[in-house]
Amino acid sequence: MKSVLTSSDFARLAEEVIVRCEKLATFSEDAGGTRRTFLSPPMRDCHREVSSWMNALGMTVSVDAVGNLRGFFAGTSPAAPRILIGSHLDTVPNAGAFDGILGVVLAVELVESLRGSKLPFSIEVIGFSEEEGVRFGVPFIGSRALVGRVDEELLGRNDANGISVRKAIQDFGLNPNELSKAALRDDVLGYVEFHIEQGPVLESLGRPLGVVEAIVGQNRLEFTFAGQTNHAGTTPMNLRHDALAAAAEWIVAVESLAQRTTDLVATVGFVEAKPGATNVIAGEARATLDIRHASDRARTEALDELIRQAEAISSRRAVTAKWRTLLAQNAVAMDPFLTDQIEHAVQKAGCEPHRMASGAGHDAMILAEKIPAAMIFLRTPGGISHDPAESVHLEDVAKALECGQHLLTQLAASQEFSGRTCRA
Ligand code: HGY
Ligand code: MN
Ligand code: MN
């Protein structure tokens with residue numbers, strides 16, 4: 001495949017990528033911002049829009065049993081193996097327009113940039129239905145279906161309205177009993193994900209593109225502190241068992257442990273007090289924990305310490321602390337061969353590559369369990385993400401497309417890649 005595109009072609013495609021990402025951001029559950037969670041009604045609008053782009057390129061479009069949108073662009077022969085390129089189509093509340101979505105839209109534009117020319121492998125563009133974990137508290141539902149990790153426990157989890165994952169799948173018109181059909185087949189050569197960095201590193205180095213070597217491990221838990229609801233006016237301070245005060249003391253302990261532990265990040269992003277009235281001492285407080293580190297040992301040691309602190313604070317205050325795990329994900333190394341190929345492609349696109357770890361979780365870390373997976377980061381202006389201010393530079397998107405074309409050309413010419421026996 002000869003790259004027949006000029007830099008102005010890539011710039012035009014890049015403009016279309018950004019316009020399309022901003023269009024998809026309008027498909028939201030909320031009037032005032034972007035929120036598109038697992039199989040919510042706006043996800044159907046998103047599927048319709050992306051499918052129209054895929055159909056225009058002659059791709060075969062389908063939606064699998066967990067709501068992943070899949071566009072297939074055949075290779076030179078029907079029996080050709082395939083490469084997966086994609087990311088997620090769901091968002092956090094009040095999201096930006098590019099987290100996840102950019103990776104799907106850019107993959108479609110990469111197929112467009114081929115202008116119909118065929119490769120020795122097929123391309124399957126995949127838009128995962130759920131990566132953020134907003135609706136059910138558990139992330140990666142879409143990519144977990146590809147590696148066979150959507151089990152009865154997950155299907156039985158309920159959202160805030162008491163709707164289970166299984167029911168959400170049925171409500172969307174899909175059949176949860178066909179989940180096995182979503183699993184990776186044995187014709188997949190690998191997975192490549194373009195994603196915004198969501199942090200400050202590439203911008204601080206003045207680099208448009210990053211080469212991801214590994215994705216840090218993470219735990220997500222929900223802690224529940226239980227004390228004694230009581231009257232705010234008549235209960236002396238020394239007779240209280242204030243669940244929210246206990247949670248607050250623990251939250252400060254979370255921050256202080258992370259501040260004094262190199263490369264550890266720990267976040268309490270959600271707190272809820274019950275009954276939640278100004279003049280009532282909280283009898284219950286729920287708080288989530290998101291803790292991450294490149295080293296699995298450092299992360300698990302820190303988590304053990306925070307559990308110890310929750311127990312110590314609770315016993316001193318004569319309240320109780322319980323917790324449940326929502327995610328326990330070890331750090332994952334990206335595929336060395338694909339990562340080397342990405343580094344070459346970044347250089348061919350005229351950029352100085354920067355190898356780095358990802359502090360954010362990505363679907364690539366789930367697929368890496370079964371197939372070679374690798375990621376390309378795009379610079380995030382201001383390092384801002386998970387916020388409407390999230391953005392990308394047009395010229396960086398153009399460079400990403402150029403890099404993607406070089407990568408496909410390299411993989412098409414690589415006996416080691418095309419001749420690979422698939423691992424899934
Ligand atoms: O939270 C994360 O790591 C990602 O944005 N899902
Ligand atoms: Mn995200
Ligand atoms: Mn993401």
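This is a predicted model: local features need pLDDT of at least 70, side-chain atom pairs count only at pLDDT 80 or more; totals for chains, interfaces and linings use all residues.
**Figure 1. Arg115 has a positive phi.** Here we visit another loop, the one between α3 (101-113) and β4 (122-128), where Arg115 is found. The phi angle of Arg115 is near 50°, a positive value in a residue that is not glycine.

**Figure 2. Helices α1 and α2 pack against each other.** In this view, helix α1 covers residues 7-24 and helix α2 covers residues 41-56. Their axes are 10 Å apart, and the helices pack at an angle of about 155°. Because angles over 145 degrees count as roughly antiparallel, α1 is described as roughly antiparallel to α2. From α1, the contact is made by Arg20, Lys23 and Leu24. From α2, Cys46, Glu49, Val50 and Trp53 take part. Sorted by class, the residues of this contact are four nonpolar and three charged, with no polar ones.

**Figure 3. Ligand 1 sits among residues of the protein.** Which residues surround ligand 1? They are Glu131, Glu132, Gln198, Arg220, Arg292, Ala360, Gly361 and His386. By class, this shell has four charged, three polar and one nonpolar residues. Glu131 places a polar side-chain atom 2.8 Å from a nitrogen atom of ligand 1. Arg292 has a side-chain N or O atom 2.5 Å from an oxygen atom of the ligand. For Arg220, an N or O atom in the side chain is 3.3 Å from an oxygen atom of ligand 1. How much of the accessible area of ligand 1 does the protein cover? On its own, ligand 1 has 210 Å² of accessible area, and the protein covers 94% of it.

Technical notes:
Residues are numbered from 1 along each chain as its sequence is written. Chains are lettered from A and ligands numbered from 1 in the order in which they are written. Side-chain values use heavy atoms; hydrogens and water are left out. A residue is near a molecule or strand if one of its heavy atoms lies within 4 Å of it. A polar contact is a pair of N or O atoms within 3.5 Å; within protein, one must be able to donate a hydrogen and the other to accept it, and residues adjacent in sequence count only if both atoms are side-chain atoms. Accessible areas come from the Shrake-Rupley method with a 1.4 Å probe; for residues, only the protein chains shown count as cover. Ala, Val, Leu, Ile, Met, Phe, Trp, Tyr, Cys and Pro count as nonpolar, Asp, Glu, Lys and Arg as charged, and the others, Gly among them, as polar. Axes are lines fitted to C-alpha atoms, for helices over the stretch in contact, and angles run from 0 to 180 degrees between N-to-C directions. Helices (H or I, at least four residues) and strands (E, at least two) are DSSP runs, numbered from the N terminus. Angles under 35 degrees count as roughly parallel, over 145 as roughly antiparallel, 65 to 115 as roughly perpendicular and the rest as oblique. Contact means heavy atoms within 4.5 Å.
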